[in-house]
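Please keep the model open while reading.

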Amino acid sequence: MILALLLLAPVTFHKDVEPVLQKQCQPCHRPGEIATMPLLTYTQARPWAKAMREAVLLKKMPPWGAAEGGPFANDSRLTPREIEIIESWAKAGAPEGLKRDAPAPVQWTPGWNIGTPDSVIEMAEPFDVPATGSVDYQFVILPLGLSGDRWVSAAEIRPGARDAVHHIVAYLREPGSEWLKEAPRGKAFRAHGVTRNDILSIYTPGQQPFIAPAGMAKLIRAGSELVLQFHYTPNGTAVRDRTRVGLRFAGETPQKRIHTLQLGTTEFVIPPQEANHRVSVSGTLPNDSLLLSLFPHMHLRGKAFEYEIVAEGGRVETLLRVAPYRFNWQMNYILATPRLLKKGTRLRCTAWYDNSANNPWNPDPSQEVRYGEQSWEEMMIGFFDVAVDVGVDKPAFFVR
Ligand code: HEC
């Protein structure tokens, strides 16, 4: 009887829904973040009750793509109870309830999600994104102004014109590197090609900033420059972008150094109308490392992506399977517990593409599709972060 009464107690916004929104929705649904409508107050949330119910029942919100693998530290899926709360609330006509039942509001600091940065690097000149058309990848090289080597424990890229930014990759260019040696400094320019330079951080919608686990960090060498690669996507309104990058430095030398590695290929051809084209690449780790996170990258025809460990004798273990893959939600899947990958471990990445007319995002099913930077071309990259001993830089890691 008591149980029945509890179940019948009406679900209200302040008592039941607000705590769920604080934890699961407000990280994106607040001013300055990627979702256009804030869900901070009853007045803001009320008109979205039905849409929220639908979005959580269909598992469209919060966005999450991992179907296998993990457990992941940033798993954002709602519990059945949380889904039920939103569902019952919307069904009951979205009652507000009593203000005194509300949880303490979260003190969201506007701007940075990594805390106050120790250093902020801003584009020296803004970039004008046109209202229409396509924009080639733009590169901007900015000085980091570091006189000594620094360990970075967190990095966040904040686009100025978020709606027109598809992605930004922040590379590190060490002094003496041949890459983009002759390019202008401070000004946007066009460039192509793949680089092996280290990645500091990647911005995509839905992506959390780079925050290293305790005792780990990325190293920036004295005199390094920041190379930002922008993919702007015009969205009907001309806008001006001035992106900033915030860094937090580790107080002391960490125990482990983090590298972003990648397994992928540019050698593939996806036939027209093909609904399930598979591309697979494997590689052997040259040294011991601790696997921290996985970040698959494909474009609009991307359908599913898998990371596996292939053991001697062919036994296969799935580290992550993202299905269905959504181009609009490029995410980093952070392992709840870092995983030791012994020297000689064989990793395999497999991508599936849907180039048929049944793929609602397919720009043109009649095209044969190859590697390329623009969204109507394709990519196949499995990024992953590993931690190694502090003294091991990337070249040293690849020496067997
Ligand atoms: C990782 C960021 C992120 C999180 C977390 C998130 N949202 Fe969203 N949500 C978005 C973005 C981006 C959109 C796209 C709409 C826009 O901004 O124009 C969106 C759209 C929506 C929509 C519009 C309808 C639709 O389905 O497209 C609803 C409703 C919604 N979110 C509800 C929620 C709820 C409820 C939660 C928490 C349980 C949540 N969202 C968590 C980013 C997020």
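Helices (H or I, at least four residues) and strands (E, at least two) are DSSP runs, numbered from the N terminus.

## Basis of the values

This is a predicted model: local features need pLDDT of at least 70, side-chain atom pairs count only at pLDDT 80 or more, and totals for chains, interfaces and linings use all residues. Residues are numbered from 1 along each chain as its sequence is written, and side-chain values use heavy atoms, with hydrogens and water left out.

## Ligand shell

The ligand is surrounded by 18 residues. The closest are C25, C28, H29, T36 and M61. By class, the shell holds 13 nonpolar, four polar and one charged residues. Ala, Val, Leu, Ile, Met, Phe, Trp, Tyr, Cys and Pro count as nonpolar; Asp, Glu, Lys and Arg count as charged; the others, Gly among them, count as polar. Helix α4 (residues 49-57) contributes the most to this shell, with three residues.

H29 places a side-chain N or O atom 2.8 Å from a nitrogen atom of the ligand. T36 uses its backbone: an N or O atom there lies 2.6 Å from a ligand oxygen atom. K60 has a polar side-chain atom 3.4 Å from an oxygen atom of the ligand.

## Helix α5

Helix α5 (residues 80-91) has twelve residues. From first C-alpha to last, α5 reaches 16 Å, close to the 16 Å expected at 1.5 Å a residue. The expected span is 1.5 Å times one less than the number of residues.

Buried means under 20% relative accessible area, exposed over 50%, and partly exposed in between (1.4 Å probe, protein chains only). In α5 the buried residues are E82, I83, I85, I86, W89 and A90. They sit on the same side of α5 because they cover an arc of only 155° around the axis. The arc is that of the directions from the helix axis to the C-beta atoms. On the face turned away from the buried side, α5 carries the exposed residues P80 and K91.

## Strand β23 and its partners

Strand β23 (residues 381-389) is mostly covered, with eight of its nine residues buried. Two strands pair if DSSP finds at least two bridges between them. β23 pairs with β14 (residues 256-264) in the antiparallel sense over nine bridges. β23 also pairs with β17 (residues 289-297), again antiparallel, over seven bridges.

F383 links to both partners. Q262 has F383 as its bridge partner in β23, and F295 stands opposite F383.

## A five-strand open sheet

Five strands form an open sheet in the order β7-β4-β11-β6-β8, with antiparallel pairing. β7 and β8 (199-203) are the edge strands, each with a single partner strand, so one side of each has no neighbour in the sheet. β6 and β8 run antiparallel and are joined by four bridges. A170 stands opposite S201 in β8.

Most residues other than glycine have a negative phi, and most peptide bonds are trans. P71 lies in the loop between β1 (66-69) and α5. P324 is in the loop between β19 (316-322) and β20 (333-341).

L180 is not a glycine, yet its phi is positive, at about 60°. L180 lies in the loop between β6 (165-173) and β7 (189-190). L180 is buried, with a relative accessible area of 16%. Q273 has a positive phi near 65°. Its loop runs between β15 (269-270) and β16 (277-284). Q273 is partly exposed, at 49% relative accessible area.

Definitions and conventions: A residue is near a molecule or strand if one of its heavy atoms lies within 4 Å of it. A polar contact is a pair of N or O atoms within 3.5 Å; within protein, one must be able to donate a hydrogen and the other to accept it, and residues adjacent in sequence count only if both atoms are side-chain atoms.
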